[in-house]
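My entries follow the order in which I looked.

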Amino acid sequence: MIFDSHTHIDSDDFDADRDEVIQRARQAGVKLMVDPGCDVASSERAVSLSGSVSEVYAAVGIHPHSAKAADDAAFDHLRTLYSAPKVVAVGETGLDYHYDFSPREQQRASLERHIELSHETRLPLILHCRNAEDDLIAMLRRLDGARHGGVVHCFTGPWEHARTLLDMGFYIGITGIVTFKKATEVHETAVNVPLDRLLVETDAPYLAPLPHRGKRNEPAYVLHTVQQIASLRGASGEVISQAVTQNARRLFNI
(Lines give C-alpha, C1' and ligand atoms only; values in the text may rest on other atoms or scores of the structure.)
Protein backbone atom coordinates (compact mmCIF):
# COMPACT_ATOMS: atom_id res chain seq x y z
CA MET A 1 0.00 0.00 0.00
CA ILE A 2 1.22 3.50 -0.85
CA PHE A 3 -0.09 6.87 0.31
CA ASP A 4 0.06 9.71 -2.25
CA SER A 5 0.28 12.55 0.24
CA HIS A 6 -0.40 15.36 -2.24
CA THR A 7 -2.43 15.06 -5.43
CA HIS A 8 -4.86 17.47 -7.08
CA ILE A 9 -7.21 14.76 -8.28
CA ASP A 10 -10.06 17.32 -8.25
CA SER A 11 -8.35 19.23 -11.08
CA ASP A 12 -10.25 19.65 -14.32
CA ASP A 13 -7.33 17.85 -15.98
CA PHE A 14 -9.05 14.69 -14.71
CA ASP A 15 -12.65 15.55 -15.57
CA ALA A 16 -12.69 13.29 -18.64
CA ASP A 17 -11.34 10.15 -16.95
CA ARG A 18 -11.18 10.63 -13.17
CA ASP A 19 -12.77 7.24 -12.45
CA GLU A 20 -10.20 5.48 -14.63
CA VAL A 21 -7.34 7.41 -12.99
CA ILE A 22 -8.56 6.37 -9.54
CA GLN A 23 -8.90 2.77 -10.70
CA ARG A 24 -5.31 2.78 -12.01
CA ALA A 25 -4.18 4.15 -8.64
CA ARG A 26 -5.94 1.28 -6.88
CA GLN A 27 -4.33 -1.25 -9.17
CA ALA A 28 -0.92 0.29 -8.45
CA GLY A 29 -1.46 -0.07 -4.71
CA VAL A 30 -2.20 3.62 -4.02
CA LYS A 31 -4.89 3.13 -1.39
CA LEU A 32 -4.86 6.59 0.23
CA MET A 33 -4.35 10.12 -1.06
CA VAL A 34 -4.77 13.71 0.12
CA ASP A 35 -6.20 16.31 -2.25
CA PRO A 36 -5.25 19.84 -1.07
CA GLY A 37 -7.30 22.84 -2.11
CA CYS A 38 -5.61 25.74 -3.89
CA ASP A 39 -8.48 28.22 -3.50
CA VAL A 40 -12.06 28.19 -2.25
CA ALA A 41 -13.45 26.45 -5.33
CA SER A 42 -10.85 23.68 -5.42
CA SER A 43 -11.14 23.21 -1.65
CA GLU A 44 -14.87 22.63 -2.14
CA ARG A 45 -14.15 20.14 -4.93
CA ALA A 46 -11.62 18.29 -2.79
CA VAL A 47 -14.09 18.01 0.08
CA SER A 48 -16.80 16.80 -2.28
CA LEU A 49 -14.48 14.21 -3.83
CA SER A 50 -13.44 12.96 -0.39
CA GLY A 51 -17.08 12.27 0.31
CA SER A 52 -17.52 10.08 -2.76
CA VAL A 53 -14.16 8.28 -3.13
CA SER A 54 -13.02 6.17 -0.20
CA GLU A 55 -9.29 6.62 -0.92
CA VAL A 56 -9.43 10.44 -1.03
CA TYR A 57 -9.03 12.80 1.93
CA ALA A 58 -9.10 16.58 1.61
CA ALA A 59 -7.15 19.60 2.76
CA VAL A 60 -8.63 23.08 2.69
CA GLY A 61 -6.66 26.21 1.89
CA ILE A 62 -5.45 28.86 -0.55
CA HIS A 63 -2.23 28.45 -2.53
CA PRO A 64 0.24 31.36 -2.40
CA HIS A 65 -0.39 31.92 -6.12
CA SER A 66 -3.97 32.85 -5.15
CA ALA A 67 -3.11 34.81 -2.01
CA LYS A 68 -4.32 38.06 -3.56
CA ALA A 69 -7.84 36.58 -3.38
CA ALA A 70 -7.46 35.45 0.24
CA ASP A 71 -9.79 38.04 1.77
CA ASP A 72 -12.08 37.80 4.81
CA ALA A 73 -14.90 36.28 2.77
CA ALA A 74 -12.60 33.56 1.43
CA PHE A 75 -11.42 32.58 4.90
CA ASP A 76 -14.96 32.65 6.25
CA HIS A 77 -15.90 30.24 3.46
CA LEU A 78 -12.93 27.98 4.20
CA ARG A 79 -13.97 27.75 7.84
CA THR A 80 -17.27 26.19 6.81
CA LEU A 81 -15.39 23.34 5.12
CA TYR A 82 -13.21 22.21 8.01
CA SER A 83 -16.08 20.39 9.70
CA ALA A 84 -16.34 17.91 6.81
CA PRO A 85 -15.46 14.42 8.09
CA LYS A 86 -12.47 13.75 5.82
CA VAL A 87 -10.68 17.10 6.00
CA VAL A 88 -7.26 16.29 7.45
CA ALA A 89 -5.08 19.38 6.92
CA VAL A 90 -4.87 23.13 6.36
CA GLY A 91 -3.49 24.00 2.96
CA GLU A 92 -2.01 24.15 0.58
CA THR A 93 -0.52 27.41 1.77
CA GLY A 94 2.97 28.85 1.87
CA LEU A 95 5.23 31.20 -0.07
CA ASP A 96 6.29 31.26 -3.72
CA TYR A 97 8.91 33.88 -4.58
CA HIS A 98 9.73 32.22 -7.90
CA TYR A 99 6.56 33.18 -9.78
CA ASP A 100 5.25 35.95 -7.49
CA PHE A 101 1.75 35.51 -8.92
CA SER A 102 0.55 37.26 -5.76
CA PRO A 103 2.46 40.08 -4.04
CA ARG A 104 4.80 38.75 -1.37
CA GLU A 105 3.18 40.81 1.37
CA GLN A 106 -0.18 39.21 0.56
CA GLN A 107 1.41 35.76 0.47
CA ARG A 108 2.81 36.28 3.96
CA ALA A 109 -0.52 37.59 5.24
CA SER A 110 -2.33 34.56 3.82
CA LEU A 111 0.19 32.15 5.33
CA GLU A 112 -0.25 33.80 8.73
CA ARG A 113 -4.01 33.30 8.54
CA HIS A 114 -3.55 29.66 7.57
CA ILE A 115 -1.30 29.13 10.58
CA GLU A 116 -4.06 30.63 12.72
CA LEU A 117 -6.49 28.18 11.10
CA SER A 118 -4.15 25.31 11.97
CA HIS A 119 -4.23 26.45 15.59
CA GLU A 120 -8.03 26.73 15.53
CA THR A 121 -8.67 23.38 13.87
CA ARG A 122 -5.70 21.51 15.40
CA LEU A 123 -4.87 20.24 11.93
CA PRO A 124 -1.40 20.03 10.33
CA LEU A 125 -0.23 22.39 7.62
CA ILE A 126 0.51 21.51 4.00
CA LEU A 127 3.17 24.01 2.96
CA HIS A 128 4.34 25.09 -0.49
CA CYS A 129 7.71 26.83 -0.66
CA ARG A 130 9.72 27.97 -3.65
CA ASN A 131 12.70 30.31 -3.34
CA ALA A 132 11.34 31.48 0.01
CA GLU A 133 12.74 29.08 2.60
CA ASP A 134 14.23 31.73 4.87
CA ASP A 135 10.99 33.71 5.12
CA LEU A 136 8.93 30.54 5.55
CA ILE A 137 11.10 29.27 8.40
CA ALA A 138 11.11 32.68 10.08
CA MET A 139 7.30 32.91 9.95
CA LEU A 140 6.81 29.36 11.19
CA ARG A 141 9.08 30.08 14.14
CA ARG A 142 7.48 33.42 14.97
CA LEU A 143 3.90 32.10 14.72
CA ASP A 144 4.41 28.65 16.27
CA GLY A 145 3.50 27.12 12.93
CA ALA A 146 4.81 23.70 13.91
CA ARG A 147 2.36 23.35 16.81
CA HIS A 148 0.18 20.79 15.00
CA GLY A 149 2.81 19.54 12.58
CA GLY A 150 2.78 19.54 8.84
CA VAL A 151 4.66 18.82 5.65
CA VAL A 152 6.66 20.97 3.29
CA HIS A 153 5.48 19.35 0.08
CA CYS A 154 7.47 19.06 -3.16
CA PHE A 155 10.64 20.09 -1.37
CA THR A 156 13.29 21.29 -3.81
CA GLY A 157 15.42 23.54 -1.61
CA PRO A 158 18.88 22.89 -0.17
CA TRP A 159 19.37 20.17 2.42
CA GLU A 160 20.30 22.70 5.11
CA HIS A 161 16.76 24.14 4.92
CA ALA A 162 15.23 20.67 4.96
CA ARG A 163 17.24 19.87 8.07
CA THR A 164 15.98 23.02 9.79
CA LEU A 165 12.37 22.17 8.95
CA LEU A 166 12.88 18.62 10.22
CA ASP A 167 14.29 19.99 13.45
CA MET A 168 11.11 22.05 13.79
CA GLY A 169 9.02 18.89 13.48
CA PHE A 170 7.90 18.97 9.86
CA TYR A 171 7.78 16.14 7.34
CA ILE A 172 9.37 16.49 3.91
CA GLY A 173 7.44 15.56 0.75
CA ILE A 174 9.30 14.25 -2.30
CA THR A 175 7.79 14.29 -5.80
CA GLY A 176 8.71 12.75 -9.13
CA ILE A 177 11.39 15.42 -9.49
CA VAL A 178 13.59 12.94 -7.63
CA THR A 179 13.65 10.83 -10.83
CA PHE A 180 15.28 13.66 -12.81
CA LYS A 181 19.04 13.21 -13.27
CA LYS A 182 19.93 16.85 -12.63
CA ALA A 183 17.81 17.22 -9.46
CA THR A 184 20.84 16.77 -7.21
CA GLU A 185 19.48 18.75 -4.26
CA VAL A 186 16.31 16.65 -4.24
CA HIS A 187 18.45 13.50 -4.42
CA GLU A 188 20.43 14.69 -1.39
CA THR A 189 17.28 15.39 0.57
CA ALA A 190 15.69 12.06 -0.37
CA VAL A 191 18.75 10.22 0.92
CA ASN A 192 19.15 12.18 4.15
CA VAL A 193 15.60 12.68 5.45
CA PRO A 194 15.03 10.28 8.36
CA LEU A 195 12.84 7.44 7.15
CA ASP A 196 10.14 8.26 9.72
CA ARG A 197 9.81 11.84 8.38
CA LEU A 198 9.62 11.14 4.65
CA LEU A 199 6.49 11.45 2.50
CA VAL A 200 6.00 10.77 -1.21
CA GLU A 201 3.59 12.53 -3.52
CA THR A 202 2.73 13.09 -7.14
CA ASP A 203 1.43 16.69 -7.05
CA ALA A 204 -0.66 15.42 -9.98
CA PRO A 205 -1.42 16.57 -12.61
CA TYR A 206 1.99 18.27 -12.39
CA LEU A 207 5.59 17.00 -12.21
CA ALA A 208 5.22 13.58 -13.77
CA PRO A 209 8.24 11.38 -13.00
CA LEU A 210 10.35 9.53 -15.50
CA PRO A 211 9.38 7.75 -17.71
CA HIS A 212 6.26 9.95 -17.98
CA ARG A 213 7.99 13.33 -17.76
CA GLY A 214 6.17 15.99 -19.76
CA LYS A 215 2.85 14.16 -19.62
CA ARG A 216 -0.06 14.51 -17.22
CA ASN A 217 0.85 13.07 -13.84
CA GLU A 218 -1.50 10.82 -11.86
CA PRO A 219 -1.45 9.06 -8.47
CA ALA A 220 -0.40 5.65 -9.87
CA TYR A 221 2.92 7.20 -10.91
CA VAL A 222 3.97 7.68 -7.28
CA LEU A 223 5.43 4.19 -7.64
CA HIS A 224 8.28 5.64 -9.72
CA THR A 225 9.10 8.08 -6.92
CA VAL A 226 9.13 5.28 -4.35
CA GLN A 227 11.39 3.16 -6.55
CA GLN A 228 13.86 5.99 -7.14
CA ILE A 229 14.07 6.84 -3.44
CA ALA A 230 14.61 3.17 -2.67
CA SER A 231 17.42 3.04 -5.21
CA LEU A 232 19.08 6.18 -3.85
CA ARG A 233 18.89 4.92 -0.27
CA GLY A 234 19.87 1.35 -1.04
CA ALA A 235 16.58 0.10 0.38
CA SER A 236 13.73 -1.99 -0.97
CA GLY A 237 10.64 -0.42 -2.46
CA GLU A 238 8.57 -2.26 0.11
CA VAL A 239 10.46 -0.66 3.00
CA ILE A 240 9.99 2.82 1.53
CA SER A 241 6.30 2.19 0.73
CA GLN A 242 5.54 1.00 4.25
CA ALA A 243 7.42 3.88 5.86
CA VAL A 244 5.88 6.69 3.84
CA THR A 245 2.40 5.25 4.29
CA GLN A 246 2.82 4.98 8.06
CA ASN A 247 4.23 8.52 8.15
CA ALA A 248 1.33 10.02 6.19
CA ARG A 249 -1.24 8.18 8.25
CA ARG A 250 0.42 9.49 11.41
CA LEU A 251 0.63 13.07 10.17
CA PHE A 252 -2.95 13.22 8.87
CA ASN A 253 -4.38 11.06 11.68
CA ILE A 254 -5.88 8.51 9.28
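I call a crossover right-handed if, with the strands pointing away from the viewer, the path from the first strand over the helix to the second runs clockwise. Helices (H or I, at least four residues) and strands (E, at least two) are DSSP runs, numbered from the N terminus.

I noted that this is a predicted model, in which local features need pLDDT of at least 70, side-chain atom pairs count only at pLDDT 80 or more, and totals for chains, interfaces and linings use all residues. Residues are numbered from 1 along each chain as its sequence is written, and side-chain values use heavy atoms, with hydrogens and water left out.

Entry: the sheet. I found an open sheet of 8 strands with parallel pairing, in the order E1-E2-E3-E4-E5-E6-E7-E8; two strands pair if DSSP finds at least two bridges between them. Strands E1 (2-4) and E8 (198-200) are at the edges with a single partner strand each, so one side of each has no neighbour in the sheet. From one strand to the next, the twist averages 30°.

Entry: strand E7. I looked at which way its residues point: Tyr171 and Gly173 go one way, Ile172 and Ile174 the other way, and all are buried (under 20% relative accessible area, 1.4 Å probe, protein chains only). In a regular strand, side chains alternate between the two faces of the sheet. E6 and E7 are parallel and share 2 bridges, and Ile172 in E7 is the bridge partner of Val152. The chain goes from E6 through H6 to E7 in a right-handed β-α-β crossover. On to E8, 3 bridges join it to E7 in parallel, with Ile174 opposite Val200. E7, H7 and E8 also form a right-handed β-α-β unit.

Entry: helix H6. In H6 (residues 159-168), I listed Trp159, His161, Ala162, Leu165, Leu166 and Met168 as buried. Their cover includes helix H5 (133-142), strand E6 (150-152), strand E7 (171-174) and helix H7 (184-192). Just after H6, Gly169 has a positive phi of about 110°.

Entry: the cores. A nonpolar core is a set of buried Ala, Val, Leu, Ile, Met, Phe, Trp, Tyr and Cys residues joined through side-chain atoms within 4.5 Å. Which residues touch the most other members of the largest nonpolar core? I found Leu140, Leu165 and Ile172, in a core of 68 residues. H6 gives the most to this core, with 5 residues. A second, separate core has 14 residues, among them Leu32, Val34, Ala89 and Tyr171.

Key. Buried < 20%, exposed > 50% of the residue type's maximum accessible area, 1.4 Å probe, protein only. Contact = heavy atoms within 4.5 Å. Axes fitted to C-alpha atoms, helices over the stretch in contact; angles between N-to-C directions.
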